[in-house]
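Me: Please show me the structure. Then take me through its sheets and the contact between its chains.

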Amino acid sequence: MLITCPYCGPRDVIEFTYQGDGNRARPEPASQNFEAWNAYVYDRLNPAGDHNEIWQHSGGCRAHLRVVRNTLTHEISSVTFVRGHHGSASRPEAEDRS
Amino acid sequence: MSPRRTDTGGRIDRLKTIRFTFDGTAYTGHAGDTLASALLAKGVILLGRSFKYHRPRGLLTAGVEEPNALVTVLKGEVREPNIPATMVEIHDGLVAVSQNRFPSLAFDINAVNQLGGKLLSAGFYYKTFMGPVVGPLKGTRFWMFCEHFIRRAAGLGSAGSAKDTARYERMNAFCDVLVVGSGPAGLMAAKAASDQGARVILADLEPRLGGSANWTGETIDGAPAADWARRTVAQLEGRDNVRLLPRTTVWGYYDGNTLAALERVSDHKDQPGKGEPRHRHWAIRAKSVVLATGAFERPLVFPGNDRPGVMLAHAAERFANEFGVLPGQRIALFTNNDSAYRAAVALKKAGAAIAAIVDVRPEPSADMRELATEAGAELLAAHAVIATEGGRALSGLKLQRFDMSNGALNGEARSMHADCLLMSGGWSPTIHLASQAGARAEWDAARQAFLPPKPAQDGPVQRWIGAGAFTGSFSTAAAMAEGRAAGISAAGATNTPAALPVVDAVPGDPDPAPVFEIRASGKSFVDFQHDVTAEDVRLAHREGFVSVEHLKRYTTLGMATDQGKSSNIPGLAIMAEALGKPIPEVGTTRFRPPFAPVSIGSLAAERFGDLRPERLTPMHDWHLANGATMYSAGLWYRPMIYALAGETVEQAYVREARATRESAGIVDVSTLGKIAVQGPDAAEFLDRVYTNMFSTLAVGKARYGLMLREDGLAFDDGTTWRLGEQDFLMTTTTANAGKVMQHLEYFLDVIWPDLKVHVTSVTDEWAGAAIGGPKARQILATCVTGTAVGNATLPFMGIVRGRIADVPVMICRLSFSGEMAFEVYCGAGHSTHVWEALLDAGKPFGLVTYGLEALGTMRIEKGHVTGAEIDGRTTARDLHLDWMLSKKKPFIGSAMMDREGLIASERLELVGLIALDNRPLNGGAHIVEEVDEANPHDSIGHITACCYSPALGKYIALALVKGGKARRGTRAHVSDPLRGRFGPVEIVSNHFYDPDGNRMHG
């Protein structure tokens, strides 16, 4: 499986670390809503089809990526930085650096 | 020249003689021969013994699907079993032996198994090894004793135990178009795709590219098809955008169009070339794939169809045309389709006499009648072979009239002399790779075969395109047209009409008659390699196995090393008939990788032995040069003890710890994880990450911190130093450095992207030495310049910057040992220099170096926790660290840490233990209330760390014990049945030594 890191380009899956279901919403830090905390820590979606996942490019630029992966085909339809980056998400002047 | 060898033709070089041995006998062959063709040319028909019955077996095929002629190839002490003789290219010095026979291939004592054939039927092992359920032998060892011999009697080759000395290699490759199979379809596809400028890889498992063009005897553009193939290959070879991979089996089709292939680089040479591996594993990532993998011919199922001399029709055609070898002198053919007629003509041309063509169909076409005449063969339409004759080689066959509408045999049986019988039961496209890629095969009633699905107009995009016999297009002209179209389309271009090479082919209808089996008395084999007969399949049905998956497992049909390449469809057809269902309703099994056996060596390639990287501290060489015994802690190597001559481990660490508490000791702590946490929001971030406050920490001070996981359990601990308003240096435990880094990055990237904080791993940039003991401050005072180290300048948890031996250092006064102690950090490159300066300064004060054992001893005496206690199951409360849980702010884990289960009273809590029998304790030993050596039970906890305490003069331990805090002052017992250690202990506080911390506060 190849994941196209928006910064580093297409790389083998062994360079990445799976960081879990990307649909989880963390409650506000001070929240006392235990149900919400429980859901955040333990509940995971297990869809047959497109899944919103977080991967870290741990063997590369170390950015966390939001990856939409089809769990039936492993087809990856989108990869974006999780953290909104200022300016362009593309590799800066990749050609010049080579 | 051997009488079976033709004078001209084929891929062999008759001027080059090659010497090899088979079962100890020396033979010769020619360059280009396989072991199969070379032995066949010498008249060696008997090549193996069958799996269960030890029946004599010869060649069934000429290629990768061979089920019978499996051999073991010996290279020195190294043996590789179960290789089809058809896939072994001979070379000088090749040593091959036959398998599953004793004492010899010609006389095999286990052939008596044939007499007990009824006993060895389907499910034999399941039934037998249950043992008698009644009677005198029930439940006795006798049955186990028999099992040993029964299991030994069945089998294939035996694996060797010698170390494989060959070298293997792994390659990653990328291409626009991968073409699998180099027959007319594959060659056309590779050519067309490369014409479009695509980067093409063409792989074929045979040594010579060209596929069926090498043996059909057809002509393309007026020249022999083999010549056309050779020219096309030469043309492709010259192109920069084409890589040809002969001898390369594409065996796996994985997600994202990643395909796995095995290239046999040097098996065919007596010595590998310079730098050549034996095998090369290819991981090929292809934008698109053209599957031109051809088709396998099917055997017909009839009594005696496994006798040596009975072969598939196309295999004989291949031996004759590609290798110049005649499989027999007087040949009969038995077929349900037209393709065998072409074989008959080819063999006639090559010099054999064709006795008869036996066709199950009542009315072969006029074209076929003409071919039969051309072959000089008697044509017996509406006939079937009902038996074969001969011992270890075919001598003749029996025929009878056959009505294919009801399978009935009638009329007088007739005998016929022949030394070779060729059969053809139709063709099955080689859809394995498409099936691995998830394609559902569809039954085609006309072709009597499972075909790969046609690309749907509106369905999901297929990453592969089929061409040629793979799609059921069995004529060469159609294959070439499909190959060209597939190549263009795979390259992403639009097909435009163009003139195709003109093929002059033997006529023939590609559709066989729906006849798979002739039912007559005698063993009719379906799966040759696993000795599964038609009767076994019916027996499985009678015993209630109705699904094709169950049938496969119960009879083991298709589960041998050939994975049923020739047997799956006949087996399925017989099952369908027994069930009274049409074949598509019975369904087929899905193919899984590998397509053909793969050497384990190629998968490991260069990655064997200890693959872990070694992490060494910057003072590593000094430790080695100064008598340290090293210990591997995760990836790190750390000094365990610095033993003096004659010291035991315990004597060494006790001396080191005692000297530290009495004067001073120094230890290398460079392995601690170190993370620079910097930015305007760094303090806020640490408040959220740690359970305690860091925003209140003054610049130039350090604080001990505890992290929890999101689920509220303890995660890691360490000190964090505030070097500036926005600049922190976090330390983590050695083991968790990577995990903590990832944890911080996750929260900054995913949860709190608004925080302006940057984290950088600086573990390798800083070297650290901890120096502790009553004399530690005096030692520093003599060697540190640029700063005072007294209590006023450097109070407990204070940080100063200064120099040691002219090297800038950072010193923090903190203590793990419980003594007055300092951690001295400097740039890693200066570490040994600083370390030696500290030792020099310490010499007059009796400074000793100490290792992990003494470090552990002193921390146990102090009751500090490490990874053994923060084990992913304990909470801050369990470890008596609840004083660190801030109530003023939320932090990671704060919402979940108060859950019912995490605050229950009977949780495992950290305690200290003292051995009352004054004997060593063991890590992992259980704690029980009442000791019962014969029947240990009811553990109330376990030991996490233990040592001899020089400070207390006792054997002590840390332990996690149920409701531990409340048990302080009571007695319990250790129970360690594995090591036979039982004995009384006293449960005490985990703070054994100087609980008020007077020594470190000074």
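Reply: Two strands pair if DSSP finds at least two bridges between them. Helices (H or I, at least four residues) and strands (E, at least two) are DSSP runs, numbered from the N terminus. This is a predicted model: local features need pLDDT of at least 70, side-chain atom pairs count only at pLDDT 80 or more, and totals for chains, interfaces and linings use all residues. Residues are numbered from 1 along each chain as its sequence is written, while chains are lettered from A and ligands numbered from 1 in the order in which they are written.

Me: In what order do the three strands of the antiparallel open sheet of chain B stand?

Reply: Strand 21 (383–390) and strand 23 (408–417) of chain B are the edges, each pairing on one side only. Seven bridges link strand 21 to strand 22 (residues 394–403) of chain B. The order is 21-22-23.

Me: Which residue of strand 22 of chain B stands opposite Val385(B)?

Reply: Strands 21 and 22 of chain B run antiparallel. The residue facing Val385(B) is Leu399(B).

Me: Which strands stand at the edges of the open sheet with mixed pairing in chain B?

Reply: The order of this sheet is 32-34-33.

Me: How many residues of chain B are in contact with chain A?

Reply: Contact means C-beta atoms, placed from the backbone, within 7 Å. Chain A brings 19 residues. The count for chain B is 16.

Definitions and conventions:
Two residues are in contact if their C-beta atoms, placed from the backbone, lie within 7 Å.
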